[in-house]
Amino acid sequence: MASPVVISGTGLWTPPYSVSNEELVDAYNAHADQFNAENAAFIVSGEVEAKSHSSAGFIEKASGIKSRYAYVKDGILDINRLKPNIPERRDDELSDQAEMAINAAKIAMEAANKKAEDIDVVIVACAYTQRSYPAIAIEVQGALGIEGFGFDMLVACSAATFGLHRAYEMIAADTAKCVLIINPELTSPQVNYADRDSHFIFGDVSTATIVESADTCRSEHSYDILSTKAVTSFSNNIRSNFGYVVRANDSDPFAADKLFHQNGRKVFKEVCPMAARHITEHLERHQLSAVDVRRWWLHQANINMNLLISKKLLGRDATAEEAPIVLDQYANTASAGSLIAFNLHHKDLVAGDYGLICSFGAGYSIGSLVIRKR
Ligand code: CO8
């Protein structure tokens, strides 16, 4: 029998700058006041809607988020800018996302005891790449001195789990010996900090994972991947229309629809039952039920979603130990949330413990892995 496919190392790179709800709300409210003053006549005539204030209390209650990290903080709180000020780099400099990716990759490689020559595939899987080509993954591959091949893949919130799925399949099919999957989630350039409904949702982060065969695994903490499961179902409820065709259709590249926007209520209502059903069916494949799972590393979009999903699965509230939440500190980090939770909360598991990694979000897309500590 072929030897198991394992997760043998993970890395989490946290950007140096934190932005609190209060800072973000102060900037947004100052922007709203300025907008309302500048548009006073149109607001009175009903042509323009006045902007209401945001509130740190609302944000924490509705989402569980207290702060988020930013790759570059400069500019985000400037009410005349409301976006990070990330200077353009020359073609011969490392790109921002490759830099974020390498920071997390090095941590994962050390955790898995891997050198560049041990790795033969690099997958960069995230919600956006900062350019179309050459692939960020190939840039990372070159900078780390890895031979073999690399490619980028975009599946919004499920990019990280779908990337792990591809790695699992490559190792199982013996088309790769060791895969490095990296999720450099540079979300802040796509956040509309002038939009009260979404200005607080996202943070920047980078996570990385090593997947290989158990035969080559030399790691202290490793996990058999027992199986993977994915589903997608088209929805316009989470969308960004930014893309290269914008140049050709003459639309405004800075319009609100080109940034992240969503119908949060609908997402909440539709995705929670979908995710709970998906997880139940996945566990059933292994004759497991929810109570057999020691740890749930769930996607981190909204604390109330996670509480609802774990309650649907367990029939009671999950404890923080069972289903850790990292949203308070990191916010929604697109596809990386479940892997941040994994990075911070896995070392206490003992051999034989089952765990489940699951992402859910834009697409819609859901991806999961059932794993067992070795
Ligand atoms: N401050 C104060 N009040 C506010 C604010 C605010 N900032 N925003 C809204 N309100 C008010 C509203 O006006 C409303 O008032 P009223 O009741 O008088 O009409 C009230 O608060 C309630 O508003 P909502 O119904 O909108 O509030 P919710 O309780 O639904 O919470 C959430 C809003 C937090 C957005 C919630 O709906 C949610 O989290 N839903 C799930 C969304 C989700 O998970 N989306 C996934 C997105 S991530 C993803 O898929 C990855 C995409 C790729 C990455 C993108 C990177 C940029």
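**Strands 4 and 5.** I started with Val121 and looked for its bridge partner in strand 5, which turns out to be Phe149. Worth noting at once that I am working on a predicted model. Strand 4 (residues 121–126) and strand 5 (residues 149–154) run parallel, and I count six bridges between them. I then followed the chain from one to the other: strand 4, helix 5 (residues 136–144) and strand 5 form a β-α-β unit, and that unit is right-handed.

**Strands 6 and 7.** Here the pairing is antiparallel: strand 6 (residues 178–185) and strand 7 (residues 205–213) share eight bridges. For Ile182 I noted Ala208 as the bridge partner in strand 7.

**Helix 1 against helix 3.** How do helix 1 and helix 3 cross, left-handed or right-handed? The crossing is right-handed. The axes of helix 1 (residues 21–38) and helix 3 (residues 56–63) come within 9 Å and cross at roughly 125 degrees, so I put the two helices down as oblique to each other. On the helix 1 side the contact uses Asn21, Glu22 and Val25, and on the helix 3 side Ala56, Ile59 and Glu60. Sorting these contact residues, I have three nonpolar, one polar and two charged.

As a reminder to myself, most peptide bonds are trans, and most residues other than glycine have a negative phi.

- The bond from Tyr133 to Pro134 is cis, with omega near -10 degrees; Pro134 sits in the loop between strand 4 and helix 5.
- Gly363 and Tyr364 are also joined by a cis peptide bond, omega about -10 degrees, and I find Tyr364 in the loop between strand 12 and strand 13.
- Asn113 is not a glycine, yet its phi is positive, about 60 degrees; I located Asn113 in the loop between helix 4 (96–111) and strand 4.
- Asp250, not a glycine either, has a positive phi of about 60 degrees, and lies in the loop between helix 7 (246–249) and strand 10 (261–262).

How values were computed
Residues numbered from 1 in each chain as written. Predicted model: local features only at pLDDT ≥ 70, side-chain atom pairs only at ≥ 80, totals over all residues. Heavy atoms only, no water. Axes fitted to C-alpha atoms, helices over the stretch in contact; angles between N-to-C directions. Helix = DSSP H or I, 4+ residues; strand = E, 2+ residues; numbered from the N terminus. Parallel < 35°, antiparallel > 145°, perpendicular 65-115°, else oblique. Left-handed = near helix turned anticlockwise from the far one by under 90°. Contact = heavy atoms within 4.5 Å. Nonpolar A, V, L, I, M, F, W, Y, C, P; charged D, E, K, R; others polar. Pairing = 2+ DSSP bridges. Right-handed = clockwise from strand over helix to strand, strands pointing away.
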